[in-house]
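Biologist: Please take one part of this model and look at it closely. Then connect it to the rest, with the cut-offs spelled out.

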Amino acid sequence: MENKIETKYNRLIIAVSIIVPLAVALLFGVNLRKLGYDVEPLNQLPPIYATINGLTAVILVWAVFAIKNGKRRLHENLMKIAIACSLSFLVMYVAYHMTANTVFFGDSNHDGMVDEIEKNAVSGIRYLYYFILITHIAMSVVIIPLVLYTYVRAISNSFERHKKLAKITFPIWLYVAITGVVVYVMISPYYMH
């Protein structure tokens with residue numbers, strides 16, 4: 001049964017769960033350079049935010065081990081760090097895409113030369129890449145309310161309900177974190193430097 005703290009946060013969680021994906025989608029389509037602003041592409045960000053995704057995955061697994069071993073304070077702190085990592089990823093992801101040209105899987109390298117073997121290899125794994133990318137994006141939208149509701153259940157001391165929802169939230173969040181790294185590793189050869 002919901003308590004007053006959870007009820008207090010429900011509208012905020014719903015608003016954030018709608019506003020954040022919409023804002024990211026809108027900002028993703030804004031390229032400051034194409035709008036005439038003299039900004040350098042933030043090409044250093046993709047490996048940083050991919051690393052943050054990897055770190056988030058490690059923290060999530062560590063947090064689960066912590067709570068299973070009765071280390072509630074450590075679990076709580078690790079979850080706060082995981083949320084902070086996810087937020088920093090989001091800010092860097094948007095900043096990168098607002099300053100750099102969009103890169104597509106299979107784009108030719110910077111000198112425009114792609115040999116026939118590479119073209120065939122790329123087309124063979126392109127479908128896998130887009131499957132991972134699309135599921136990553138879809139789950140990253142789904143995870144926002146799940147993380148927020150799971151967190152609010154914890155801070156409102158609804159631990160049984162928190163635990164029940166965490167069993168759904170954890171694997172999805174872990175999937176988003178890991179596939180964020182996979183997407184970066186797969187697309188990184190196509191970044192222009």
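Modeller: Leucine 87 sits in helix α3. Helices (H or I, at least four residues) and strands (E, at least two) are DSSP runs, numbered from the N terminus. This is a predicted model: local features need pLDDT of at least 70, side-chain atom pairs count only at pLDDT 80 or more, and totals for chains, interfaces and linings use all residues. Residues are numbered from 1 along each chain as its sequence is written, and side-chain values use heavy atoms, with hydrogens and water left out.

Leucine 87 is exposed, at 52% relative accessibility. The classes are buried (under 20% relative accessible area), exposed (over 50%) and partly exposed in between, with a 1.4 Å probe and protein chains only. From leucine 87 to isoleucine 52 is 10.0 Å, C-alpha to C-alpha, for a sequence separation of 35 residues.

Helix α3 also holds a charged pair. Glutamate 76 and arginine 73 form a salt bridge through their side chains, 3.5 Å from N to O. A salt bridge here is a side-chain nitrogen of Lys or Arg within 4 Å of a carboxyl oxygen of Asp or Glu. The two residues are three apart in helix α3, so about one helical turn separates them. Arginine 73 is exposed, at 56% relative accessible area. Glutamate 76 is partly exposed, at 29%.

Neighbours within four places in sequence aside, tyrosine 49 contacts Phe89, Met92, Tyr93, Tyr96, His97 and Tyr191. Contact means heavy atoms within 4.5 Å.

Next, the other salt bridges. The whole structure has four. Glutamate 6 meets arginine 153 at 3.7 Å, N to O. Arginine 153 is in helix α4 and glutamate 6 in helix α1, so this pair ties together parts 147 residues apart in sequence. Glutamate 6 also bridges to arginine 161, with the closest N and O atoms 2.5 Å apart. That pair links helix α1 to helix α5, where arginine 161 lies, across 155 residues. Glutamate 6 is buried, at 3% relative accessible area. Arginine 153 is buried as well, at 18%, while arginine 161 is partly exposed, at 22%.

Isoleucine 19 lies in α1 (residues 4–28) and is exposed, at 53%. Together with Ile14, Ile18 and Leu22, Ile19 forms a nonpolar surface patch of about 390 Å² accessible area.

Finally, the whole protein. There are five helices and zero strands. Buried residues make up 33% of the 193 residues. Among contacts with a separation of 6 or more, 79% join residues 24 or more positions apart.

Methods
Patch = residues over 30% accessible without salt bridge, like charges linked within 9 Å, V, L, I, M, F, W, Y side chains within 5 Å. Areas by Shrake-Rupley, 256 points an atom, 1.4 Å probe, with all protein chains shown as cover.
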